[in-house]
Amino acid sequence: MAANATTPRAYLCRRFTESVEAALAKRYDLRLNEPDGILSPDEIVQSARGSEVLFASATEQINEQVLRQLAPTLRYVATLSVGYDHIDMAAARELGIGVLHTPDVLSDACAEVAMMLMLNACRRGHEADRMVRGGRWPGWSPTQLLGIGLKGKRVLVFGMGRIGREVAARAQAFGMEIHYHNRRALAPEQAAGAIYHANLDQALRIADVLVIAAPGSPQLKGIINAERIACMPERAVLVNISRGDLVDDDALTSALSTGRLFAAGLDVYANEPNIDPRYRELDNVFLSPHIGSATQETRDAMGWLLINGLDALYRGAVPDNLLNPR
């Protein structure tokens, strides 16, 4: 595969699935982060010196300092994620370092987690599990743990990309009315009957359930704040599978604790894994540890997308998942 006679050196910042690591070991002189903890930028530089390929994920900050110190040996950064806001793309372009990501293979898995969060938030899954698991279930009663049904409710998908469209398809199967907000309207065949809202504030007024599936970007940080939560109907539900920093934690915890929002389901958080501790004290929030794409099938597919993309680059071809082709 390699253009030169020697095997390219690569560094793996986080452990990938067994089959993907085995394939990487056949192609590269592979060094691993054996403990699999989150590495700081300085630790990445120290561990990855001399590598042609840096395999990363959304937990690593591949900033300008990292790229400059690993250049000119470093040729490619391959991130096991769709998002790439953790990589300094301007520095990568300047230094001629190619960046690969993993689009199109995790939409189903992420949409499934969105529905898991939605159902658990609406049907009080955390409280129900704790009641039974803790031996505190007194038996069935007509008003026990009354939740919110999905059928007939209006769901607003904020970010109707591939993942958002898969969420919409599943929500529609539950009998929900689908609305969405994007920078621009989708083609009719992609919208599949969903109702477009150009203005987010106006869209939130009909959102019985808000699903945040927008791509992470600095411009969207804190976009779901107290003012926008106030636009939502009373006892609405918020679900976030996008980026934690799109939601203002002060605003959301306040709305949940006062009952302004009925519940929330969260898979992503600001400052992961050090989440805002107030969430742990709230019964009406269902929490999961950033497992949107965490299926064996999806993580294997993500890894192979990077492997195949790099194989193509070493053959002189340009793969579709290369973000910054020359």
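Two strands are taken to pair if DSSP finds at least two bridges between them, and helices (H or I, at least four residues) and strands (E, at least two) are DSSP runs numbered from the N terminus. The structure is a predicted model, in which local features need pLDDT of at least 70 and side-chain atom pairs count only at pLDDT 80 or more, while totals for chains, interfaces and linings use all residues. Residues are numbered from 1 along each chain as its sequence is written, and side-chain values use heavy atoms, with hydrogens and water left out.

An open sheet of 5 strands is arranged in the order S2-S1-S3-S4-S5, and its pairing is parallel. S2 and strand S5 (98-100) stand at the edges with a single partner strand each, so one side of each has no neighbour in the sheet. From one strand to the next, the twist averages 20 degrees; for this and the angles below, axes are lines fitted to C-alpha atoms, for helices over the stretch in contact, and angles run from 0 to 180 degrees between N-to-C directions.

Within this sheet, strand S1 (residues 9-12) is joined to strand S2 (residues 29-32) by 4 bridges and to strand S3 (residues 53-56) by 3 bridges. Tyr 11 is a handy landmark here: its bridge partner in S2 is Arg 31, and its bridge partner in S3 is Leu 54. S1, helix H1 (residues 18-27) and S2 make a right-handed β-α-β unit; right-handed means that, with the strands pointing away from the viewer, the path from the first strand over the helix to the second runs clockwise. H1 lies across S1, S2 and S3 and runs at about 135 degrees to S2, with contact meaning heavy atoms within 4.5 Å. Helix H12 (residues 296-314) lies across S3, strand S4 (76-79) and S5, at about 160 degrees to S4.

In it, 7 strands form an open sheet in the order S8-S7-S6-S9-S10-S11-S12, with parallel pairing. Strand S8 (195-197) and S12 are at the edges, each with a single partner strand, so one side of each is left without a neighbour in the sheet. The twist averages 15 degrees from one strand to the next. Strand S7 (residues 177-181) is joined to S8 by 3 bridges, and His 181 stands opposite His 197 in S8.

Helix H11 (residues 249-258) lies across S10, S11 and S12, running at about 130 degrees to S11. Its buried residues (under 20% relative accessible area, 1.4 Å probe, protein chains only) are Asp 249, Ala 251, Leu 252, Thr 253, Ala 255 and Leu 256. The cover over these residues includes helix H10 (226-231), strand S10 (236-240), strand S11 (261-266) and strand S12 (285-287). H11 is followed by Gly 259, which has a positive phi near 85 degrees.

Finally, a look at the whole chain. The protein chain has 12 helices and 12 strands. Buried residues make up 49% of its 326 residues. The C-alpha atoms fill a box of roughly 70 × 50 × 30 Å, taken along the principal axes. Among contacts between residues at least 6 apart in sequence, 62% join residues at least 24 apart.

Conventions: Buried means under 20% relative accessible area, exposed over 50%, partly exposed in between (1.4 Å probe, protein chains only).
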